[in-house]
There are 2 protein chains.
Amino acid sequence: ASPVAAGKPKALPFAQRAALCSNPVGRRLFEIMEQKKSNLSFNPDVTKKAEILRLTDLVGPYICMLKTHIDVVEDFDWDMVEQLRALATKHNFVIFEDRKFADIGNTVQLQFTSGVYRIAEWADIVNAHLVPGPGIIEGLRQGAKASGRDIGLLLLAEMSSKGNLATGAYTEANVKTALEYPDFVIGFIAMQGLAPAHPHLAHITPGVQLAKGGDALGQQYDTPEAVVGLKGSDIVQVGRGIFGAADPAAEAERYRTAAWAAYQSRVQASTA
Amino acid sequence: ASPVAAGKPKALPFAQRAALCSNPVGRRLFEIMEQKKSNLSFNPDVTKKAEILRLTDLVGPYICMLKTHIDVVEDFDWDMVEQLRALATKHNFVIFEDRKFADIGNTVQLQFTSGVYRIAEWADIVNAHLVPGPGIIEGLRQGAKASGRDIGLLLLAEMSSKGNLATGAYTEANVKTALEYPDFVIGFIAMQGLAPAHPHLAHITPGVQLAKGGDALGQQYDTPEAVVGLKGSDIVQVGRGIFGAADPAAEAERYRTAAWAAYQSRVQASTA
């Protein structure tokens with residue numbers, strides 16, 4: 001953890017941040033963002049395998065990251081994982097399984113590597129709540145190592161839902177702990193930029209739509225301009241805003257354009 | 001939330017607490033505890049179906065609750081769920097799926113009711129972290145309602161692992177929120193009694209062994225005497241302490257006896 005230089009740290013371009021990553025997935029994520037001019041992550045939060053694959057193939061060209069909730073899929077099978085991996089290669093994106101691990105180290109290691117889903121065998125990125133303490137990071141890191149694959153971890157430093165408790169000292173503990181695991185923690189789920197002095201860490205913000213709003217179960221939405229342009233986050237996470245649209249590909253391109261413009265304006269404002 | 005009367009509230013016997021529950025599973029849990037003189041919960045945290053079923057049948061006579069991590073089972077199938085339900089009937093215990101839901105309301109509702117595991121179709125009890133805010137309770141409650149089954153929720157108000165963040169204001173928020181959902185929240189995962197003035201709420205404490213200690217990934221162990229007798233929790237949650245023993249049934253009976261004696265001494269001390 002290097003001390004912040006006097007004044008606000010510059011908002012570095014993603015290409016420069018890639019070079020600062022010691023985790024290979026963190027580096028690749030920034031590289032893909034630069035290559036595809038996309039800081040858009042998409043989650044096809046529907047429950048049928050065929051529909052998830054169809055949406056992913058449609059939206060794939062516009063995204064840097066696909067976010068999955070593998071455990072809501074009714075007809076999950078291993079072929080689905082293989083098809084998702086093939087789509088990740090075809091369209092050049094990383095796969096982030098939004099498992100929100102939240103147990104003690106020994107248990108999350110099993111949940112990560114074993115069971116029906118064997119997440120460590122196909123996900124590039126997973127995430128975890130820090131509420132169980134740093135043992136959860138150790139357990140997942142051991143699981144990643146055992147898999148022999150490159151995997152990065154995101155910590156849930158903040159959340160988008162109403163009345164959430166990921167605030168204040170809780171958020172600060174996430175930032176502090178992330179800096180202790182630079183080889184494995186590649187960033188945060190957060191509502192804003194939390195660690196501008198540590199540009200190897202990426203910020204992914206859920207609850208983004210082109211129009212502000214919310215749902216009946218406490219989800220709250222903000223816009224790409226606000227999230228990336230003003231609040232210093234890096235990647236916008238969009239689900240219903242895209243898969244609920246009449247033309248998901250066209251809608252994904254709208255989100256990509258808006259989020260990328262917001263990123264460009266932030267970097268330009270910082271270096272001006 | 002009625003104010004606590006002057007002085008320490010009495011430690012009511014489980015039979016009397018059963019009558020105070022508005023959630024049917026909460027009531028049944030206290031009834032089973034009284035019937036079987038058991039405040040022992042067991043988790044067979046191994047990854048093979050046959051071994052989980054074998055351990056459960058061995059230990060079943062001594063427990064009020066079976067705790068599962070269904071997503072670590074390598075050869076999970078629906079037959080396993082049916083066999084677990086049959087064992088729950090045979091031995092008279094409730095099944096608590098330790099899923100630690102930790103997402104926004106819309107997502108946890110899908111994770112609870114859909115996917116490969118369809119937890120809402122077989123679990124009597126599930127648990128959740130409150131970090132996403134009260135929407136997580138609403139989402140799970142809707143999922144429980146849709147299932148048509150009686151299901152109770154435990155909130156993770158405290159944890160047993162080193163450096164965990166479920167402390168202070170975070171724990172207090174869990175207690176306060178639990179009191180707002182008496183029809184659904186039946187208690188807490190906690191290291192001690194948190195709500196003695198609200199005896200419809202049960203306290204389940206993980207990380208219990210007959211000898212104090214810890215593991216290499218931050219888990220910390222305390223004894224039944226300390227947890228139930230001194231700290232006011234109700235149910236001890238034991239995993240490795242039992243399934244790692246040469247004779248799991250005999251070891252379960254040792255834990256049952258120790259935890260029940262600790263409960264009796266607490267109630268007697270309170271009414272003396």
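Reader: Which residues does B:Gln111 touch, not counting residues up to four places away in sequence?

Author: This is a predicted model, and in it B:Gln111 touches A:His69, A:Asp71 and A:Val72 from chain A, plus B:Arg99, B:Phe101, B:Asp103 and B:Ile119 from chain B. Its place is in helix 5 (residues 105–113) of chain B.

Reader: Why does B:Gln111 count as buried?

Author: Buried means under 20% relative accessible area. B:Gln111 has 4% relative accessibility, so it counts as buried.

Reader: What makes the contact between helix 3 of chain B and helix 10 of chain B?

Author: B:Leu55, B:Leu58 and B:Val59 sit on the helix 3 side, with B:Pro248, B:Ala249 and B:Ala252 on the helix 10 side. Those residues divide into 6 nonpolar, no polar and no charged.

Reader: How do you know that strand 1 of chain B pairs with strand 2 of chain B?

Author: Pairing takes at least two bridges. Strand 1 (residues 40–42) and strand 2 (residues 65–68) of chain B are joined by 2 bridges and run parallel, so they pair. B:Ser41 has B:Met65 as its bridge partner in strand 2.

Reader: What do the 8 strands of chain B close into?

Author: A barrel, in the order 1-2-3-4-5-6-7-10, with parallel pairing. The twist averages 30° from one strand to the next.

Methods
Residues numbered from 1 in each chain as written. Chains lettered and ligands numbered in written order. Predicted model: local features only at pLDDT ≥ 70, side-chain atom pairs only at ≥ 80, totals over all residues. Heavy atoms only, no water. Contact = heavy atoms within 4.5 Å. Helix = DSSP H or I, 4+ residues; strand = E, 2+ residues; numbered from the N terminus. Nonpolar A, V, L, I, M, F, W, Y, C, P; charged D, E, K, R; others polar. Buried < 20%, exposed > 50% of the residue type's maximum accessible area, 1.4 Å probe, protein only. Axes fitted to C-alpha atoms, helices over the stretch in contact; angles between N-to-C directions.
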